[in-house]
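My notes follow in the order I made them.

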Amino acid sequence: MATTQDPRPVHLSVNGKPCRGMAAPRLHLADFLRGELKLTGTHVGCEHGVCGACTVLVDGVSARSCLMLAVQGEGCSITTVEGLAADEHDTHPLQQAFHELHALQCGFCTPGILMSLSELLAANPDPDEDTVRDVLSGHLCRCTGYQNIVAAALRAAQLLRERGGHAR
Ligand code: FES
Ligand code: FES
């Protein structure tokens, strides 16, 4: 007999492609992305909205995917870190800058930070350091100070401006 806890279909767009998966009513979006859709670039740390590791874009707006149910994603357009670059041979300016400036160590926090910074740079192509630090205040990095992350964000903004604002 069917119960209210049974998985149900969820239809959404992920990284520009239509997707369908099954989600129990209480499954959060992060676990749906990782487990059902095998998009393991989205990391899960605290699972209660504090660390920022699970950040994705939902209809272009950053969201903590550990605080959103997968079923709430029905009909939404989700962008994960796998969707930042145009394809597997491409590198997004944020990824390029993080690589160039050694802005990551273990990389656990990095996908979430990249997604929040991509939202920032889409709205503000020339942010100042304080603005970058304000965005980063929602992310916890266990490994390092934030100096290289800030520098990489500013470098990515410069790279994007040189590309005429186009990430790809
Ligand atoms: S895992 Fe979602 S904010 Fe930490
Ligand atoms: S690079 Fe390790 S948690 Fe940030």
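Entry 1. I began with Leu 117 in this predicted model. Which residues does Leu 117 contact, leaving aside its neighbours within four places in sequence? I found Leu 94, Phe 98, Val 132, Val 135, Leu 136 and Ala 153.

Entry 2. I then looked up the largest nonpolar core, which has 25 residues. Within this core, Phe 98 and Leu 117 touch the most other members. I noted four helices that each supply at least two of its residues: H2 (93-100), H3 (110-123), H4 (129-136) and H5 (147-162). H5 gives the most, with 8 residues. I also noted a general point: in soluble globular proteins, nonpolar side chains tend to be buried together.

Entry 3. I turned to strand E3, residues 55-58. Are its residues buried or exposed? Thr 55 and Leu 57 on one side are buried, and so are Val 56 and Val 58 on the other, which leaves both faces covered.

Entry 4. I checked the partners of E3. Strand E4 (residues 61-64) runs antiparallel to E3 and is joined to it by 4 bridges. Strand E5 (residues 77-79) is also antiparallel to E3, with 2 bridges. Leu 57 stands opposite Ser 62 in E4 and opposite Thr 79 in E5.

Entry 5. Last, I looked at the hairpin of E3 and E4, where 2 residues lie between the strands. Asp 59 takes a positive phi there, near 50°.

Technical notes. Residues numbered from 1 in each chain as written. Chains lettered and ligands numbered in written order. Predicted model: local features only at pLDDT ≥ 70, side-chain atom pairs only at ≥ 80, totals over all residues. Heavy atoms only, no water. Buried < 20%, exposed > 50% of the residue type's maximum accessible area, 1.4 Å probe, protein only. Pairing = 2+ DSSP bridges. Core = buried A, V, L, I, M, F, W, Y, C linked by side-chain atoms within 4.5 Å. Contact = heavy atoms within 4.5 Å.
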